[in-house]
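Hi everyone, thanks for coming along. I'd like to walk you through a model I have up on the screen, one chain at a time, and then stop at a couple of residues.

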Amino acid sequence: MKEYESLIIGGGPSGITAALYLLRAGIKIGWVEKLAPGGQVLLTEAIDNYPGFPQGIKGYELIDKFTAHLDQFEFDKIRDEALEIKDRQDKYLVRFSESEVAARTLIICTGAQWRKLGVPGENKYSGRGVSYCAVCDGNFFRGQEVACIGGGDTALEESLYLSKLVSKIYLIHRRDAFRGARLYQDKVLKDPKIEVIYNTIATEFVGDTDLTGIKLKDVKTGSQSLLNINGAFVFIGLDPAGGFFPADLETDSQGFIKTDHEMVTSMPGVFAAGDIRSKYCRQVSTAVGDGATAAYNAQAYLEKNF
Amino acid sequence: MANQVTDNTFEADVLKCDLPVLVDFWAPWCGPCRAIAPVVEELAQEYAGQIHVVKMNVDENPNTPSKYGIRAIPTLILFQGGEVMEQVTGAVSKANLKQMISDKV
């Protein structure tokens, strides 16, 4: 069985940064990512708030720059999904679908994933009108009418992106005001293609082979209606990604991992960084900081205990 | 490398292929397509001789995606004997894709 001083689980910005810091410190690492590196950044069209790129940068271009940092190092990349973590006193065993490895420290950077609405028809029409990625799928709805569901930064940002492609956007929000950044709110409210429907939730996706509409319910009056659209984009928040964490690893009520400000978790030698942490601000910039902090503390832990 | 197919070569390369064919419908600007690309390449190698794995750029080839009702990418479709056997959308894991292939092949 392969053995590492540190195993980094997850290849988004926090995992890449943790890998970079540990490699520079000469620590033997393994790096786990089930897909290509990048995580949610790959789902983001443009990153406008990462320092150093005042004109903004495309998500995949930023990730190419991040991973280029690692090109100078030789280390094990494990393209698989972690399924289980077992505590063996002085080390942890991590099981994958096709192998198992041992590591003295773990840095969990599994991130977050888009939350599903959980209403009838959502799975049936996923990929047939229901989407979670405007950048990927917006083009299929060029010149058509679509709905966006949500009221945070992502819902506003993606609606603005879609308004360049589609003929009309119904932005469906369950509250009477948006939570997203004021900058985006102002743009959305001024956009002639975006019609905001407040105090309303989607209760069902309907159609034949493809999506043709959404059933809506006004949460104030209880009145129901059918909105005819070809596409529906769901942007209602994030769930933790992973699901293989041991019972001893303390999480919050939503399943995000609790850490202190040094990225130390409830298990010795286990650190967490990025969106998988229980925290309020989930950004590329905070993930990068978390990754560096976790790597620094994993290194200190190795020096003290081994 | 998984070969590229086009609207023009789709019938010969996919529908009339003796082996089952996994088609990855993708586009260069699509992040999740980039995310899944290395997995698709690995599948092409691991299943060499059992199935063909090919890619279709939906930007350059609008007809085939529209015929199969594709409204999201990446979409992967497993064809056998000209018929759709299985279809999956989004950047799913390698384990999921292997399951899908071994269930049908």
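**Two chains, two residues**

Let me begin with burial in chain A: of its 306 residues, 52% count as buried. Please keep in mind throughout that this is a predicted model.

Chain A has six helices and 19 strands. Its radius of gyration is 21 Å, close to the 19 Å that the globule rule gives for 306 residues, so chain A is as compact as a globular protein of that length. If you'd like a box for it, the C-alpha atoms of chain A fill roughly 65 × 40 × 35 Å along the principal axes.

Now, how is chain A divided into domains? The assignment gives domain 1 as 2-114 + 238-305, and domain 2 as 130-234. Five residues from domain 1 of chain A and seven residues from domain 2 of chain A make up the contact. The centres of these two domains of chain A, taken over C-alpha atoms, are 33 Å apart.

The chain exposes about 14,100 Å², with carbon and sulfur atoms supplying 47% of that. As for charges, chain A has 35 positive and 40 negative ones, and their mean positions are 3 Å apart.

On to chain B. What is the order of its elements from the N terminus? They run β-α-β-α-β-α-β-β-α, which comes to four helices and five strands. The radius of gyration of chain B is 12 Å, close to the 13 Å from the globule rule for 105 residues, so this chain is as compact as a globular protein of that length. Its C-alpha trace spans about 30 × 30 × 25 Å along the principal axes.

In chain B, 56% of the 105 residues are buried. Of the contacts in chain B between residues at least 6 apart in sequence, 70% join residues at least 24 apart. The accessible surface of chain B is about 4,600 Å², and 47% of this belongs to carbon and sulfur atoms. The mean positions of its 8 positive and 13 negative charges lie 4 Å apart.

Now for the residues I promised.

Setting aside residues up to four places away in sequence, Ser163(A) touches Ile169(A), Asp191(A), Lys193(A) and Ile194(A).

That's my tour, so please jump in with your questions.

Note on methods:
Residues numbered from 1 in each chain as written. Chains lettered and ligands numbered in written order. Predicted model: local features only at pLDDT ≥ 70, side-chain atom pairs only at ≥ 80, totals over all residues. Heavy atoms only, no water. Helix = DSSP H or I, 4+ residues; strand = E, 2+ residues; numbered from the N terminus. Rg over C-alpha atoms; globule rule 2.2 N^0.38 Å. Buried < 20%, exposed > 50% of the residue type's maximum accessible area, 1.4 Å probe, protein only. Contact = heavy atoms within 4.5 Å. Areas by Shrake-Rupley, 256 points an atom, 1.4 Å probe, with all protein chains shown as cover. Lys, Arg positive; Asp, Glu negative; His and termini not counted. Charge placed at Lys NZ, Arg CZ, Asp CG, Glu CD. Domains from an automatic or database assignment.
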